[in-house]
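This briefing looks at a ligand, the residues around it and the pockets of the protein.

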Amino acid sequence: MNNLSIRPLKKGENLPLALLLSADPSEVAIQLYLPDSTVFVAEINNQVIGEYVLYRINAQEVEIKNIAVDEVYQGKGIGKFLLNDAARQATNQGFSRLTIGTSNASIAQLYLYQKHGFEIYSIKYNFFVDNYAEPIFENGIQCKHMIMLSKTLN
Ligand code: COA
């Protein structure tokens, strides 16, 4: 999409809350990682249609805590574009490892991340059962475990 642009959200600007919640249904969890994160928004004609959130884990490693594309714009390669942009940002900031977590039931996300070079390195068993008030289902499967994936940056 040639009219797509990505930029960090400025201080005081409205958060793309609906998008953040589409990737992570717990606003409490989101509010915990946002203060130590940078939110990047993707815009088409000045309308925010996607976002990703980068959270510094340590001097080497940064995590994509949240990534989402507006439903209307999904399936057009924007998710792929955001992932590549996150890797570029992280590389430019001097990080050597990019991490992302998703649920055992998030089939499309597991496909997308592995196709773009992320490899599973650990599983946080019962993460969604223990940390979320309501059971979450995707693709008719309960989201129970958080699958952690990472990619080495060049
Ligand atoms: N089932 C199977 N494959 C799917 C799919 C689905 N529901 N949705 C996308 N894909 C595939 C595409 O076919 C494409 O594969 P290809 O490169 O082989 O053609 C690949 O995934 C990337 O698709 P893309 O169009 O770049 O992704 P997107 O713009 O739809 O964004 C998400 C992907 C995950 C960011 C988007 O679906 C989304 O916002 N989902 C809701 C929030 C969410 O779950 N965030 C992640 C939390 S871990």
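Predicted model: local features only at pLDDT ≥ 70, side-chain atom pairs only at ≥ 80, totals over all residues.

Residues are numbered from 1 along each chain as its sequence is written, and side-chain values use heavy atoms, with hydrogens and water left out.

**Ligand shell**
- The ligand is surrounded by 20 residues, where a residue is near if one of its heavy atoms lies within 4 Å, and the closest are I67, G77, Q109, Y111 and K115.
- Two or more shell residues come from each of α1 (17-23), β4 (61-69), α3 (78-92), β5 (97-103) and α4 (107-115), these being DSSP runs numbered from the N terminus (helices H or I of at least four residues, strands E of at least two).
- The largest share of the shell, six residues, is contributed by α4.
- By class the shell holds nine nonpolar, eight polar and three charged residues, with Ala, Val, Leu, Ile, Met, Phe, Trp, Tyr, Cys and Pro counted as nonpolar, Asp, Glu, Lys and Arg as charged, and the others, Gly among them, as polar.

**Distances to ligand oxygen atoms**
- A polar side-chain atom of Y111 is placed 2.4 Å from an oxygen atom of the ligand.
- For Q109, an N or O atom of the side chain lies 2.7 Å from a ligand oxygen atom, whereas in G79 a polar backbone atom is 2.8 Å from an oxygen atom of the ligand.
- Taken alone the ligand exposes 940 Å², of which the protein buries 70%, with areas from the Shrake-Rupley method and a 1.4 Å probe.

**Largest pocket**
- The ligand takes up the space of the largest pocket, a pocket being an open set of points, on a 1 Å grid over the protein atoms alone, where a 1.4 Å probe fits, with protein on both sides within 12 Å along at least five of seven lines.
- This largest pocket has a volume of about 1,300 Å³, and among its 49 lining residues (an atom within 4 Å of a point) S22, A23, I67, Q109 and Y113 lie nearest its centre.
- β4 gives the largest share of this lining, seven residues.

**Second largest pocket**
- The second largest pocket holds about 180 Å³ of space, and its lining includes L9, K10, L34 and V39.

How values were computed: Polar contact = N/O pair within 3.5 Å; in protein donor to acceptor, adjacent residues only side chain to side chain. Sits in = over half its atoms within 2 Å of the grid points. Points joined across faces, edges and corners; volume = space filled by probe spheres on them.
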